[in-house]
Amino acid sequence: MHRFALPFLGAASLLLLACGNALHAEQVGEVSTAFKLIGPNHKIVIEAYDDPLVAGVACYVSRAKTGGIAGGLGFAEDKAEASIACRQVGPVSFSQPLPASEEVFNERMSILFKKLRIVRVVDTKRNALVYLTYSDRLIDGSPMNSITAVAVDRATVIPVKR
């Protein structure tokens, strides 16, 4: 093996570990909000995320996407506002017990420092799954957030890790 290959493989492995929790969204729609002469328009995108541990639940997130030259090159910082709606899209089942609270998705919103995060919280008293979306930065986060809940039929007990 080439002497430069080992450090490269080590760096690539660390990058994969850092991105391990991030699931990619499926874009289901978009609406242009401002025309940009050069580069893509500013827009609102709608993305779908399937919960990795809960079959039958999908979350839809709408958020602003900055256009222009910086947005087209991936250097623009998107706004912190996002809206979320999670729904039952099929029979609900669980592949394993769920943590009481867990980040289930995250997506980069700027080149280095900002992420959109989605956290699932189990409300055992009401047999519901609560999803919260917010953004954070390396230094300070944003208080802007959005919340939604999916009621699970009482006949289906949500398994929670103890």
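Tutor: By the rule used here, the count comes to six salt bridges. A salt bridge is a side-chain nitrogen of Lys or Arg within 4 Å of a carboxyl oxygen of Asp or Glu. Bear in mind that this is a predicted model, where local features need pLDDT of at least 70, side-chain atom pairs count only at pLDDT 80 or more, and totals for chains, interfaces and linings use all residues. Residues are numbered from 1 along each chain as its sequence is written, and side-chain values use heavy atoms, with hydrogens and water left out.

Student: What makes Asp 51 and Arg 120 a salt bridge?

Tutor: Their side chains meet at 2.8 Å, N to O, and the cut-off is 4 Å, so the pair qualifies. Asp 51 sits in the loop between β2 (42-50) and β3, while Arg 120 is in strand β6, 69 residues apart. (Strands are DSSP runs of E, at least two residues, and helices are runs of H or I, at least four, numbered from the N terminus.)

Student: How do you know whether Arg 120 is buried or exposed?

Tutor: Buried means under 20% relative accessible area, exposed over 50%, and partly exposed in between (1.4 Å probe, protein chains only). Arg 120 has 0%, so Arg 120 is buried. Asp 51, at 5%, counts as buried too.

Student: Which residues are linked with Arg 120 in a network of salt bridges?

Tutor: Asp 51 and Glu 102. The side chains of Glu 102 and Arg 120 meet at 3.0 Å, N to O. Glu 102 lies in strand β5 and Arg 120 in strand β6, so this pair ties together parts 18 residues apart in sequence. At 24% relative accessibility, Glu 102 counts as partly exposed.

Student: What makes Leu 73 exposed?

Tutor: Leu 73 has 58% relative accessibility, so Leu 73 counts as exposed. Leu 73 lies in helix α2 (residues 68-73).
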